[in-house]
Amino acid sequence: MAKIANWSDDYWLLLLQAYLQKPEGVKPVYSKVLVDLGMELHIHPSKLRSKMEELVQRESPLLKRLWENYDGNIRRLNKAVRQLREMKGFGRGEEFYDGVTVKETFERDFRPTKADARILPVTLILILNLYFQLTPATMVADTPEVVELARLVRLKPADVVDILVVFQHCDPYLNRQDPLISPFFGPCKDVWQRFATESPERLDALAAELSDYFKA
């Protein structure tokens with residue numbers, strides 16, 4: 001059973017609503033619905049996933065009542081969730097967490113970069129994973145892997161190529177000395193420093209999980 005310090009029993013309503021979203025079922029850790037809920041509650045999606053599995057077990061009296069009250073009655077559930085969110089400060093971090101120190105972790109990866117609102121740090125992580133699967137000569141817009149990733153993250157292949165080139169300038173093995181002016185250099189450098197020394201297998205596994213965010 002998952003123990004979460006800042007968990008409230010009110011959150012079961014939100015989790016049940018997420019579970020019942022189509023396709024109904026326990027959602028992947030980095031599905032958009034769990035990431036968005038995690039950012040709202042400041043709870044890592046992996047912990048919400050564990051709680052969702054607990055929700056399905058229906059072992060406690062509270063969870064049994066929850067299912068009895070709302071299973072098959074989405075309208076009632078949505079109304080209860082709406083009322084919960086309308087509570088003073090709920091869902092508005094600057095008010096709900098007023099006076100409370102909130103340590104953000106995963107949230108930063110799912111907020112738009114200042115360079116381009118379309119691109120999140122998690123987007124850069126996926127592109128970095130692709131970087132290690134290509135050679136500089138294949139980092140072009142018509143490479144099938146580039147086209148496929150661009151489609152997944154809703155960018156143009158040329159946009160993905162631009163970021164691949166920035167990663168080339170982060171790569172000490174290439175040691176590129178030609179000038180680079182790109183608003184993505186800072187965000188790419190941060191992602192490079194965090195993940196470039198990760199084993200290819202672990203980075204690839206993480207990228208596979210993170211890709212679920214874009215499949216909504």
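Analyst: The second largest pocket holds about 280 Å³ of space. This is a predicted model, so local features need pLDDT of at least 70 and side-chain atom pairs count only at pLDDT 80 or more, while totals for chains, interfaces and linings use all residues. Residues are numbered from 1 along each chain as its sequence is written, and side-chain values use heavy atoms, with hydrogens and water left out.

What is a pocket here? On a 1 Å grid over the protein atoms alone, a pocket is an open set of points where a 1.4 Å probe fits, with protein on both sides within 12 Å along at least five of seven lines; lining residues have an atom within 4 Å of a point. The volume is the space filled by probe spheres set on the points, which are joined across faces, edges and corners.

Now the lining. It has 13 residues, and N129, Q133, E148, L149 and L152 lie nearest the centre. Helices α7, α8 and α11 each supply at least two lining residues. The largest share, 4 residues, comes from α8. Helices are DSSP runs (H or I, at least four residues), numbered from the N terminus. By type, the lining divides into 6 nonpolar, 3 polar and 4 charged residues. Here Ala, Val, Leu, Ile, Met, Phe, Trp, Tyr, Cys and Pro count as nonpolar, Asp, Glu, Lys and Arg as charged, and the others, Gly among them, as polar.

S211 is in contact (heavy atoms within 4.5 Å) with L126 and L152, leaving aside neighbours within four places in sequence. S211 is found in the segment after α11 (200-210). S211 is buried, at 9% relative accessible area. Buried means under 20%, exposed over 50%, and partly exposed in between (1.4 Å probe, protein chains only).

Next, the rings. The structure holds 12 aromatic pairs. Rings of Phe, Tyr and Trp (its six-membered ring) pair if their centres lie within 6.5 Å; planes under 30 degrees apart are stacked, over 60 edge-to-face, and the rest tilted. W7 and W12 pair edge-to-face, 5.0 Å centre to centre and 70° between the planes. F132 and W192 form a tilted pair, at 5.5 Å and 40°. That pair links distant parts of the chain, 60 residues apart: F132 is in the loop between α7 (121-131) and α8 (144-152), and W192 is in helix α10 (residues 185-195). F132 is partly exposed, at 40%, whereas W192 is buried, at 10%.
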